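Let's look at this protein together and ask what the words used to describe it rest on.

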Amino acid sequence: MPTHHPGLRPVLTYSEPDFGYLLGKVLSPSRPLQSEEFLRGRAEQMRGIKEALYAPGRHVLIHGFRGVGKSSLAQTAAFVISLGADPIIIACDSKSTFSSIIADIFSEACNKNPAFEKHVRESGWSFSVSGLTIADKVTTQEGQAGAPSSVNEAVRQMQFLCDNYAKSPVVVVDEFDQLKDKDEQKYFEDIMSAHGSADRYFHTVALERLPWDARFEIVKAAAQALGIEIDDDANIRIARISDGFPHYVHFLSEKMFWRVYRKRDNGTVTSELFEEAMGDAASAMEMKLRGPYVKATQKYSNDYAIILWAAADGHELSRRSIDIFDSYRRIVAEKKATQLDRQHFNQRINALKQPSHGSILMGSRTGWYEFREKVIRGYVRLKAEQDGIVLEADHPAAPRRVASNNGR
């Protein structure tokens with residue numbers, strides 16, 4: 001056990017590897033959550049999933065914007081519900097097909113449960129690098145993933161898995177939207193509905209951005225576990241910048257807590273440490289989030305950056321041009337920058353829909369704009385915060401339109 005230093009909370013005296021290990025247990029910015037203990041703001045969805053899966057033949061479809069936590073909810077639910085063995089979790093990619101996914105499910109089941117693999121072979125099923133074979137009859141061509149030869153065969157395979165893998169097996173097929181081919185998608189409807197109407201076999205979960213209370217809980221719980229003192233002001237700022245995307249809440253908190261750990265003073269989040277942590281987060285953000293912003297703002301001084309900040313102002317995912325312009329005027333005034341007239345503003349905001357500017361915005365309908373990838377809003381809000389601009393947030397606890405760093 002690490003030695004306690006006067007003036008420091010015990011966790012902050014840990015070695016760097018020990019602190020990093022604990023930090024990785026209470027925050028998870030890089031991988032889906034798998035424990036209900038750390039899943040915040042999703043109790044209602046979890047309850048619905050559990051109740052739905054008590055019904056034989058029921059499947060769950062979770063959909064929502066990229067970055068809202070679909071994988072975390074699915075995997076956490078899977079570990080809660082699965083009995084007798086760990087859930088089978090696979091991910092699709094652009095090359096996935098119905099056949100390859102079924103084969104991947106079987107392969108993963110064998111990897112996770114040696115007893116199941118033994119049962120597969122004893123029952124006349126086998127696997128090889130060239131594919132899945134049934135009673136020595138190869139059902140796939142050389143070099144392809146093991147695959148069923150028909151939907152009916154896939155149904156038999158999945159029934160075999162359900163009967164022999166575990167008492168209550170759960171399979172998670174993640175990143176299903178990567179499966180672009182409509183015919184391949186239709187095969188899944190067929191296997192799940194046994195060729196009938198698919199609708200009645202699905203419990204659908206529409207996952208929205210995290211509510212404010214859940215954002216606060218993530219930060220407070222992690223801070224408490226680490227022995228770090230964080231005030232409501234810093235917590236509100238993280239909740240506001242994150243825009244309700246769990247990845248940002250975890251990622252910003254991680255950077256902030258590392259700054260506190262390295263400071264080695266009294267374990268308190270100060271305004272200086274917060275600003276440094278936001279800089280760490282901005283520079284370390286993955287390129288698929290930074291790239292469109294960089295491409296969109298590389299011309300015409302700061303015009304495009306301010307327009308993007310204005311588009312990300314408030315909580316609405318889709319905003320009217322007139323409302324974005326009002327936000328733009330307010331931000332320009334706070335920065336004491338030169339304001340574009342409405343005609344040039346319209347030219348700039350329309351350019352942000354074009355490939356030359358990363359197509360970072362899109363028009364949802366005439367006179368309305370939204371971010372093409374909703375999760376990028378959080379990065380835009382982070383960049384605004386770094387420049388001393390506090391964007392509006394729809395929450396009673398959030399300070400409204402405070403412009404200076406010293407005032408937050």
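Q: Why is helix 3 called largely enclosed by the rest of the structure?
A: Nine of its 12 residues are buried, so helix 3 is largely enclosed by the rest of the structure. Here, buried means under 20% relative accessible area, exposed means over 50%, and partly exposed lies in between, using a 1.4 Å probe and protein chains only. The buried residues are Ser-71, Ser-72, Leu-73, Ala-74, Gln-75, Thr-76, Ala-77, Ala-78 and Ile-81.

A quick word on the source: this is a predicted model, in which local features need pLDDT of at least 70 and side-chain atom pairs count only at pLDDT 80 or more, while totals for chains, interfaces and linings use all residues. Residues are numbered from 1 along each chain as its sequence is written, and side-chain values use heavy atoms, with hydrogens and water left out.

Q: What covers the buried residues of helix 3?
A: The cover includes helix 2 (43–53), strand 1 (59–63), strand 2 (88–91), strand 6 (171–174) and strand 7 (202–206). Helices (H or I, at least four residues) and strands (E, at least two) are DSSP runs, numbered from the N terminus.

Q: How do you know what span to expect for helix 3?
A: The expected span is 1.5 Å times one less than the number of residues. Helix 3 (residues 70–81) has 12 residues, and from its first C-alpha to its last it reaches 16 Å, close to the 16 Å expected.

Q: Why is Val-80 called partly exposed?
A: Val-80 lies in helix 3. Its relative accessibility is 33%, so Val-80 falls in the partly exposed class.

Q: Which residues does Val-80 touch, not counting residues up to four places away in sequence?
A: Val-80 touches Glu-36, Met-46 and Lys-50, where a contact means heavy atoms within 4.5 Å. Lys-50 is 30 residues apart from Val-80 along the chain, and their C-alpha atoms are separated by 8.7 Å.

Q: What makes Ser-327 buried?
A: Ser-327 is found in helix 14 (residues 321–335). Its relative accessibility is 6%, so Ser-327 counts as buried. Not counting residues up to four places away in sequence, Ser-327 touches Ala-310, Asp-313 and Arg-319.

Q: How do you know that strand 9 and strand 10 pair?
A: Two strands pair if DSSP finds at least two bridges between them. Four bridges join strand 9 (residues 361–365) to strand 10 (residues 368–371), so by this definition they pair. They run antiparallel, and one of the bridges has Arg-365 with Trp-368 as its partner in strand 10.

Q: What is found between strand 9 and strand 10 in their hairpin?
A: Two residues lie between the strands, and Gly-367 in this hairpin takes a positive phi near 80°.

Q: Why are strand 8 and strand 9 said to stand at the edges?
A: Three strands form an open sheet in the order 8-10-9, with antiparallel pairing. Strand 8 (318–320) and strand 9 each have a single partner strand, so one side of each is left without a neighbour in the sheet.

Q: How many bridges pair strand 8 with strand 10?
A: Three bridges pair them, in the antiparallel sense. In strand 10, Glu-370 is the residue opposite Ser-318.

Q: What makes the phi of Asp-243 and of Arg-264 worth a look?
A: Most residues other than glycine have a negative phi. Asp-243 is not a glycine, yet it has a positive phi of about 60°. Arg-264 is not a glycine either, and its positive phi is about 55°.

Q: Where do Asp-243 and Arg-264 lie, and are they buried or partly exposed?
A: Asp-243 sits in the loop between helix 9 (232–242) and helix 10 (246–263), and at 4% relative accessibility it counts as buried. Arg-264 sits in the loop between helix 10 and helix 11 (271–284), and at 36% it counts as partly exposed.
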